[in-house]
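Reader: Please take a close look at a single part of this model and describe the surroundings of a residue there. A plain account will do.

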Amino acid sequence: YALERMSPGTSLTPEPLKELAESQRPWLLIAMLTFAFTFAPIAEEVFFRGFLQNAFSARMPVVIATLLQASIFGAIHHFGAAHSVAAAVMGVIFAVVYRLRRTLVAPIFVHAGSNFFGAAVIAAMAIAHANGPQLGVGGGPDDKVCVVRMIVPNSAAAKAGLLAGDVIEKFNGEKVDSVR
């Protein structure tokens, strides 16, 4: 929600993250990643383990309560099915840590550590991508030919005069079958 408010049209999918890394707003990427391992774990643990887990546990068996709150936790972290399942598994882990330690501080730190690791990986990928050589075109991953769907401003493709809708058939003398 905060990312959408600070940069309308941006979401946490790979393409917008890539665009954010290449933009003139690196502070936004840094702020978003910092938020991911500071405020977000505190807010989520207070709600999901402190409130939801306890409310469900008072009304149903602990295992069912844990699976239910973890499922909801996974559902709100939907950046694809695999990510939702991974988030639900993490929700179970955070709940187990909470039950074992009997304090929200422990799952907050585990959650913050998990998010810090993820943020570090995202930052490393964004930096590597932003500093890597690029032709400056984008296309659909399922395209059967290399159709230019977008041109990165000030890129080699933009300087060469490529336009959205162009089809690249050969590159450096070799046949091109897809954007990849």
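Author: Contact here means heavy atoms within 4.5 Å. Leaving aside residues up to four places away in sequence, His-77 touches Glu-44, His-83, Ser-84 and Ala-87.

This is a predicted model, in which local features need pLDDT of at least 70 and side-chain atom pairs count only at pLDDT 80 or more, while totals for chains, interfaces and linings use all residues. Residues are numbered from 1 along each chain as its sequence is written, and side-chain values use heavy atoms, with hydrogens and water left out.

His-77 sits in the loop between H5 and helix H6 (81–101); helices (H or I, at least four residues) are DSSP runs, numbered from the N terminus. His-77 counts as buried because its relative accessibility is 15%, where buried means under 20% relative accessible area with a 1.4 Å probe, protein chains only. A polar atom of the His-77 side chain lies 2.6 Å from the backbone oxygen of Phe-73.

As for confidence, pLDDT is the predictor's confidence in each residue, from 0 to 100. The chain has a mean pLDDT of 80, with 76% of its residues at 70 or more. Where pLDDT is low, the predicted coordinates should not be read in detail.

With residues up to four places away in sequence left out, Ala-112 touches Phe-37 and Pro-41. Ala-112 and Ala-40 are 72 residues apart in sequence, with their C-alpha atoms 8.1 Å apart in space.

Terms used:
Helices (H or I, at least four residues) and strands (E, at least two) are DSSP runs, numbered from the N terminus. Buried means under 20% relative accessible area, exposed over 50%, partly exposed in between (1.4 Å probe, protein chains only). A polar contact is a pair of N or O atoms within 3.5 Å; within protein, one must be able to donate a hydrogen and the other to accept it, and residues adjacent in sequence count only if both atoms are side-chain atoms.
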